[in-house]
Amino acid sequence: MKAMVLRGPRDVGLAKVNRPTPGHNQVLVRLTHAGICGTDLHIFEGAIPVRHPLIMGHEMIGEVAEGGGGIFRTGQRVIVDPCIYCGMCVQCRAGQTSLCPNGSLVGRDSNGGFADYLVAPLTHIYPLPDAIDNQTAPLIQVVTTCLHAHRKLGIFPGRSVVVVGLGVVGQVHVQLAKAWGAYPVIGITRSAWKRSLAGQLGADLTLPSGPEAVRGVMEATGGRGADVVIESTGVVPAIADGISMARLGGTLLLFGIAAATSGSLPFYQLYYKELKIVNSRAAKGEDFPDSIDLVARGVLKLKPLVTHVLSLLDLEKAMGMLETDEDHRMKIILENAW
């Protein structure tokens, strides 16, 4: 089969490799579309250590080619859950499969979706309805991580929610908050284009990031601050702003992955406000059916988040696009079209 193989940092190219063979309770999936994200970029650059050669890609969909165990039919469209877990450790037995210390990520620890075929556990594939098209379906994997985080928040109608950072995940967070009935939902980013998109997708108010953002949130919430602040950038100053935006007794979700090992935060506010700090990591299997349902019913709109569709052959070009701070770029989808 054909695959885009990462031979070393920044060294990726088309190669012929052996097609995997499914074993017991495994399914061979013929891959058709895959998304790329920051994790793929960090692997490509060498910032995340991996074994080479490697086929990257963890946001993938395709069709059942072999296997299925009588549950899936050949040719059926499916999405693959890339988070593998052992099922035996303390975390798995507690239902915390996303925290499995023996777990792995397809496309990082094993070959992933930038190829013709992939073998996946029968338990890790989910059917896709016709209402979801191929070019947006890979984004459902992103949605699962957002939904996993929202399950920890308990957002209900009338709660005010601020989303700091309006990239792909920030736009999903805005839509989920609206789906739960939150009001007002406030989106914050320096990009006027992303603020406009968030407004189209349901944000009641958008604000440019910076010193005025905290003041704007306070004005929009009657001086109290937001019930829930979702920090989606992973940048320390944005986390600091999020603490300042939250109300007394509010909740701060640290969704963005912070790479910094130090920084300045208003620690006294954490104490004074008695904030609830929530963190989330990856997603669980239960998040896939619900995410698929939200997208299929149109509650979440993913099509506006796909700004570029390229061939898998253009993987290196796509990585270069991720390295630039292009304002009008959101999700890049790669089609298996050699």
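Is Arg77 buried or exposed, and what is its relative accessible area? Arg77 is buried, with a relative accessible area of 18%, where buried means under 20% relative accessible area, exposed over 50%, and partly exposed in between (1.4 Å probe, protein chains only).

## Basis of the report

This is a predicted model, in which local features need pLDDT of at least 70, side-chain atom pairs count only at pLDDT 80 or more, and totals for chains, interfaces and linings use all residues. Residues are numbered from 1 along each chain as its sequence is written, and side-chain values use heavy atoms, with hydrogens and water left out.

## Overall build

The chain has ten helices and 17 strands; helices (H or I, at least four residues) and strands (E, at least two) are DSSP runs, numbered from the N terminus. The radius of gyration is 20 Å, close to the 20 Å that the globule rule gives for 338 residues, so the chain is as compact as a globular protein of that length. That radius is taken over C-alpha atoms, and the globule rule is 2.2 Å times the number of residues to the power 0.38. The C-alpha trace spans about 60 × 40 × 35 Å along its principal axes.

Of the 338 residues in the chain, 51% are buried. Among contacts with a separation of 6 or more, 72% are between residues 24 or more positions apart; contact means heavy atoms within 4.5 Å. The accessible surface comes to about 14900 Å², and 52% of it belongs to carbon and sulfur atoms. Accessible areas come from the Shrake-Rupley method with a 1.4 Å probe; for residues, only the protein chains shown count as cover.

## Aromatic pairs

A search of the whole structure finds three aromatic pairs. Rings of Phe, Tyr and Trp (its six-membered ring) pair if their centres lie within 6.5 Å; planes under 30 degrees apart count as stacked, over 60 as edge-to-face and the rest as tilted. Tyr126 and Phe288 form a stacked pair, 5.1 Å centre to centre with 5° between the planes. Tyr126 lies in strand β9 (residues 125-127) and Phe288 in helix α9 (residues 287-296), so the pair ties together parts that are 162 residues apart in sequence. Both Tyr126 and Phe288 are buried.

The rings of Tyr268 and Tyr271 have centres 5.6 Å apart and planes at 55°, so this pair is tilted. Both residues lie in helix α8 (residues 267-273), three residues apart, about one turn of the helix. Tyr268 counts as exposed at 57% relative accessibility, and Tyr271 is exposed at 62%. Ring pairs link Tyr268, Tyr271 and Tyr272 into a cluster.

## Arg77 and its surroundings

Arg77 belongs to strand β5 (residues 77-80). Not counting residues up to four places away in sequence, Arg77 touches several others, including Gly62, Glu63, Tyr126, Asp130 and Asp133.

## Other buried places

Helix α3 (residues 140-150) is mostly covered, with eleven of its eleven residues buried. Among them are Cys146, His148, Ala149 and His150. Ser280 lies in the loop between β15 (276-279) and α9 and counts as buried at 15% relative accessibility. Leaving aside neighbours within four places in sequence, Ser280 is in contact with His148, Ala149, Lys152, Leu253, Leu254 and Phe255.

Ser311 is found in strand β16 (residues 306-311) and is buried, with a relative accessible area of 17%. Its contacts, apart from neighbours within four places in sequence, are Leu334, Glu335 and Ala337.

## Backbone features

The peptide bond from His52 to Pro53 is cis, with omega near 0°; Pro53 is in the loop between α1 (38-45) and β4 (59-67). The bond from Tyr183 to Pro184 is also cis, with omega near -10°. Pro184 lies in the loop between α4 (168-179) and β11 (185-188).

Glu274 is not a glycine, yet has a positive phi of about 50°. Glu274 sits in the loop between α8 and β15 and is exposed, with a relative accessible area of 66%. Ala282, likewise not a glycine, has a positive phi of about 55°. Ala282 lies in the loop between β15 and α9 and is partly exposed, at 28%.
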